[in-house]
Structure formats: C-alpha cells, structure tokens
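Look over the structure first, then read on.

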Amino acid sequence: SDELYHPLGLSSRVVSDQNDIVLFVGDSLNYRVQQIRISKNSLAAGDQLRPVRGSTVAGGKGLGSEVQELGQPISVSVDTSSGVLYVADSDNRRVIVVPAREQERLSKIIRPATSLEDSDRQTRSGVVSDFRPGGYGFILADKVRYFAHHSDIVQEVRYGYPSLNKGDQVQFYSRPDAKWG
C-alpha cells in the first residue's frame, strides 16, 4: 500500500534478472512489513519524485503474536542471495523469518492501506495524561484513554517530537488503547 504509519527499518536487495531494486520497510504501527519494487531504469532516467506502492510481505493481520500478526516490526534485513526476510518484532520479542516464496504468497493478498479504522482517522480533542521522551504517550478524550504516537498529534514541529506535558490540550488521531492498557 502507499500508506505507512511510523516506518522503521529499511533493507534492500537488487533483483538483477528483473532490473529492480526491492525495498523492505518495517511499517511499525500498521504491524507489517511492506515490499516496494522500484525499477532501476526509472531511477537512471531521472524520473520525478513520486509515491510508490508496496505490498505486505510479513504481518498484515494487525497487532498480535500469531503467524501473520506483528507487534511493531522495528528492523528488517534481507539476505541478498536467497531473498529471505528477517523481521525484528520488538513487542513480541522475536525474530520472524519469511522465505521468499512466502513473501510472494503474502504479497498477493489484498489488504487495507492502514490498520487504522475510519473511526481512528477522525481528529479528536483531548488532554495529555502522559507523554514520554520517546515520542509517545496517552491522551484522555471523552473518558476514553488513547495511545498516541508523535505522528498522531496534530501539532506542527520543526524537528523531533512534539513537546507535550500532562494537562496539555491537543488535537490527535485516535487509536484506542487496547495494546497499552
């Protein structure tokens, strides 16, 4: 898909027989790894900057610890000769090994662009109850506690993370706090 939510981890390999560069991106808060193919010819031709589409090759069924679920893939690596993908699944304290054939099978499954539901895409107003230096925290809105990653906060910052304190009023994209309790 063309929508990433807090991408972490990037690895690549060249597929010489297809003249492609294949990128693997840990899409941490969509709980999946995206594979993006880029033609080396388009790069050599000096094409304009443009969005690229990807397909899911690990995870893809949301947050969890089952085979097709991940809990924040924060780092990815690919064996350039075999195409085997290695995923550091931080919340599950494991490394997932995805053979090239399984990546191909998974990439053909149609998945939504994001793990966010339509209701999660709405902007809400709330009060910061806790915001940590790592760029995430919790916000209370309408008596519901929401997890908020820095990219969920509707606040313009020059660089780094928004600087939020307990009690601050904020606008944010809500993500129910099922994971963080």
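Strand S3 (residues 32-39) pairs with S4 in the antiparallel sense over 5 bridges. Strands here are DSSP runs of E with at least two residues, helices are runs of H or I with at least four residues, and both are numbered from the N terminus. Two strands pair if DSSP finds at least two bridges between them. Val33 stands opposite Ala58 in S4.

This is a predicted model, in which local features need pLDDT of at least 70, side-chain atom pairs count only at pLDDT 80 or more, and totals for chains, interfaces and linings use all residues. Residues are numbered from 1 along each chain as its sequence is written, and side-chain values use heavy atoms, without hydrogens and water.

The open sheet has 4 strands in the order S1-S2-S3-S4, with antiparallel pairing. Strand S1 (7-15) and strand S4 (54-59) each have a single partner strand, so one side of each lacks a neighbour in the sheet. The twist averages 25° from one strand to the next. Helix H2 (residues 100-107) packs on the sheet and touches strand S2 (20-27), S3 and S4. Contact means heavy atoms within 4.5 Å. The direction of H2 makes about 120° with that of S4. Axes are lines fitted to C-alpha atoms, for helices over the stretch in contact, and angles run from 0 to 180 degrees between N-to-C directions.

Most residues other than glycine have a negative phi.

| Residue | Phi | Place | Relative accessibility |
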